[in-house]
Amino acid sequence: MTSPVDADIREMRWWDIDPVLVLEKELFPDDAWSRGMFWSELAHARGVGSTRRYVVAYEGDRLVGYGGLAASGELADVQTIAVARDHWGTGLGSRLLTELLRHATAFEAAEVMLEVRVDNTRAQKLYERFGFEPIGFRRGYYQPGNVDALVMRLTTENTTEEKNHG
């Protein structure tokens with residue numbers, strides 16, 4: 001396995017959708033996003049008034065991760081983050097989240113929200129390291145299986161303070 005520093009992170013474009021779908025179906029077989037969902041998100045990611053930012057991580061020709069963010073007013077929402085299983089624990093998830101939070105700042109979001117499966121403690125720990133705090137639950141959010149989502153929030157002012165004092 002190579003280091004995540006070898007992964008090149010850049011803006012997702014339409015030609016990335018097919019490799020993203022392969023990883024999406026591998027990681028989220030029961031509730032994978034469709035091609036149309038990704039096309040719809042990317043349609044809002046460019047130009048004046050764009051409200052989305054999606055990024056991909058490649059090692060050579062292989063897609064090893066991706067993430068997406070939606071923004072509306074002072075609120076941003078991490079839509080998705082995915083890392084290939086053989087890259088778990090390498091820091092790639094942190095790099096993707098850092099990139100999404102950079103875009104949240106560019107959108108001038110005061111808060112960043114996300115939902116994470118209650119049984120995904122690996123992701124929860126990542127978000128907590130970035131300062132996200134649990135604020136509630138969405139019952140039966142993930143289907144099938146009726147799995148609850150933990151709702152987490154990051155106040156971007158806290159992030160700035162932590163960076164200045166940390």
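Here is a walk through this predicted model, from a helix and its surroundings to a few loops and side chains. Because the model is predicted, local features need pLDDT of at least 70 and side-chain atom pairs count only at pLDDT 80 or more, while totals for chains, interfaces and linings use all residues. Residues are numbered from 1 along each chain as its sequence is written, and side-chain values use heavy atoms, with hydrogens and water left out.

Let's begin with α1 (17-27). Helices (H or I, at least four residues) and strands (E, at least two) are DSSP runs, numbered from the N terminus. The buried residues of this helix are I17, V20, L21, L23, E24 and L27. Buried means under 20% relative accessible area, exposed over 50%, and partly exposed in between, with a 1.4 Å probe and protein chains only.

Together with W15 and W39, W14 forms a nonpolar patch on the surface, and the three share about 390 Å² of accessible area. Such areas come from the Shrake-Rupley method with a 1.4 Å probe, and for residues only the protein chains shown count as cover. Patches are made of residues with over 30% relative accessible area and no salt bridge, where like charges are joined within 9 Å and nonpolar side chains (Val, Leu, Ile, Met, Phe, Trp, Tyr) within 5 Å. A salt bridge, in turn, is a side-chain nitrogen of Lys or Arg within 4 Å of a carboxyl oxygen of Asp or Glu.

The side chain of R52 makes a polar contact of 2.8 Å with that of T51. A polar contact is a pair of N or O atoms within 3.5 Å; within protein, one must be able to donate a hydrogen and the other to accept it, and residues adjacent in sequence count only if both atoms are side-chain atoms. Leaving aside neighbours within four places in sequence, R52 is in contact (heavy atoms within 4.5 Å) with E41, H44, A45, L69, A70 and F107.

H87 lies in the loop between β4 (75-83) and α3 (92-106). Its relative accessibility is 3%, so H87 is buried, and its side chain joins that of E59 in a polar contact of 3.1 Å.

Now for the aromatics. Rings of Phe, Tyr and Trp (its six-membered ring) pair if their centres lie within 6.5 Å; planes under 30 degrees apart count as stacked, over 60 as edge-to-face and the rest as tilted. The whole structure holds seven aromatic pairs. One of them is the edge-to-face pair of Y141 and Y142, 4.9 Å centre to centre with 85° between the planes. Y141 is partly exposed at 41% relative accessibility, whereas Y142 is buried at 15%. One aromatic cluster is formed by W33, F38, Y54 and Y66.

Finally, look at the backbone in two loops. Most residues other than glycine have a negative phi. E108, in the loop between α3 and β5 (111-117), has a positive phi near 60°. N146, in the loop between β6 (133-142) and β7 (147-155), has a positive phi near 55°.
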